[in-house]
Amino acid sequence: MNLPFFIAKKYFLSRKNTNIVNIITSITVLAILVGSSAMLIVLSAFSGLEDLNLSLYTQTNSDLKISAQKGKILPEIDKLTADLDRHPSVEVYAKTLEEKVYFTYKGKEQICALKGVDENFRKVIKIDTAVKVGEYLPFVYQNELLVSAEIAYKTGLILSEERPLRIFMPKPGKGMIKSEEEAFSFQDSYAIGIFSLNENWDPFILTSLESIQSLREVDTKTAYQIEVRLKKDAQPEQVKKELLGDKTFASLYKVETKTEQSGVFIKVMNTENFVIYLIFTLIIIIAYFTLAGAIVVIMVDKKKQIQTFVSMGMTKKDIRQIFYYTGLLIILIGTSLGIVLGTLVIFIQQHFPFQMINPSTPFPVVFKLKNYLMVLVTTLIIGWGIVKAITGFNKSI
């Protein structure tokens, strides 16, 4: 057996006499335990939140969204729809057109996104089931609107045929604007329903595709996106690859899957996760100050024994290895116990939730290998660096 390791193990495990060294060693193990377990629990909680939010966001995204590579208007739309009609994995698709507008209602002004959709849209995204008040668009009249609950709340909107919303859409063009009519197209429209989905849809008002085409003063074939619903057994990534395999198609259009449509949200979540990781890394570093102090105290406490080991023929390298292994044992024991404790807390939260988002929804936590690896790598590398520095540069041995 490696003699320095055997002595280090004896130093760590020996509890014959309770003294300051034992107390400091126990406090160090406890600090590492708490730091590593807290880091694992928080990372697992953020992973759970990410999965929950991503599932909520992607539920309201189409399987695929096709838009133009250049500009906003889809080029060669007849050829595009013919390609989609022929593709065996495409169940149904809807044309959409979206513009920023502002509207007035009872003297209040509000900026929103006006989204024109065709009759297939409810087959692609089940937005008709999200209507809380009124009804979904019947596509009978062009001036009918489906308004998000957020906009309705901000404007005090009620469903009434006697109180229209006047919608203003900026006209494209250049030059001096002499009147409001030259700057905007406008239309009086009526809200027939109020819907509620998620934050992504809060700024939206839905109307018929023909209505926004008329406001935009474009022909009836114009669309900005085509949103696609695939058949049940279809794989979105594979269908995207097949569509973009045509070089002409790839040069004209870009295709986004459900997850890619929530790209901004994913970037925000990744940034939050990274910030949380950095904060807990700092906490781990602070916790390891106790490790540095523990090793120094052990060195001082064992000074007489060190002299005995030197007289027995041990080299300075061997002496340093004793305390090096002692430090590593403290790290391994503390980290291992921390991971066990963290895993236990996550398991209890999953099966017997004690922390709730609301009275009916437990706070989500998930087991993910990457979180375990992040905790292990962070704690072991920082701990190893501190132990190496203390035992390698200490001049008292």
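Buried means under 20% relative accessible area, exposed over 50%, and partly exposed in between, with a 1.4 Å probe and protein chains only. This is a predicted model, in which local features need pLDDT of at least 70 and side-chain atom pairs count only at pLDDT 80 or more, while totals for chains, interfaces and linings use all residues. Residues are numbered from 1 along each chain as its sequence is written, and side-chain values use heavy atoms, with hydrogens and water left out.

**Overall**
- The protein chain has 14 helices and 12 strands; these are DSSP runs numbered from the N terminus, helices being H or I of at least four residues and strands E of at least two.
- Of the 397 residues in the protein chain, 44% are buried.
- Contact means heavy atoms within 4.5 Å. Among contacts in the protein chain between residues at least 6 apart in sequence, 78% join residues at least 24 apart.

**Helix α8**
- Val239, Lys240 and Leu243 are buried in helix α8, residues 236-244. They cover an arc of only 100° around the axis, which puts them on the same side of α8; the arc is that of the directions from the helix axis to the C-beta atoms.
- Glu237 and Lys241, on the other side of α8, are exposed.
- An α-helix has 3.6 residues a turn, so residues three or four places apart point the same way.
- β1 (64-68), β9, α9 (247-252), β10 (253-257) and α10 (258-261) are what the buried residues of α8 pack against.

**Strand β2 and its partners**
- Two strands pair if DSSP finds at least two bridges between them.
- Strand β2 (residues 90-105) runs antiparallel to strand β9 (residues 225-230), with six bridges joining them. Here Val92 stands opposite Arg229.
- With strand β3 (residues 108-117), β2 forms an antiparallel pair over 10 bridges. Glu98 has Lys115 as its bridge partner in β3.
- Two residues lie between the strands in the hairpin of β2 and β3, where Lys106 takes a positive phi near 50°.
- Three bridges join β2 to strand β6 (residues 165-170), also antiparallel, and Tyr102 stands opposite Phe168 in β6.

**Phe139**
- Phe139 lies in the loop between β4 (131-134) and β5 (144-148).
- Glu119 is 20 residues from Phe139 in sequence, and their C-alpha atoms are 7.1 Å apart.
- Beyond its neighbours within four places in sequence, Phe139 is in contact with Val117, Asp118, Glu119, Glu144 and Ser208.

**Cavity and pocket**
- On a 1 Å grid over the protein atoms alone, a cavity is a set of points where a 1.4 Å probe fits but cannot get out, and a pocket is an open set with protein on both sides within 12 Å along at least five of seven lines; lining residues have an atom within 4 Å of a point.
- Grid points are joined across faces, edges and corners, and a volume is the space filled by probe spheres set on the points.
- There is one cavity of 30 Å³ or more, and the largest cavity has a volume of about 40 Å³.
- Residues lining the largest cavity include Glu76, Leu80, Phe249 and Tyr253. α3 (77-86) and α9 each supply at least two residues of this lining.
- The largest pocket has a volume of about 530 Å³. Its lining has 27 residues, of which Asn61, Lys65, Asn200, Phe204 and Gln261 lie nearest its centre.
- β1, β9, β10 and α11 (263-301) each supply at least two residues of the lining of the largest pocket.
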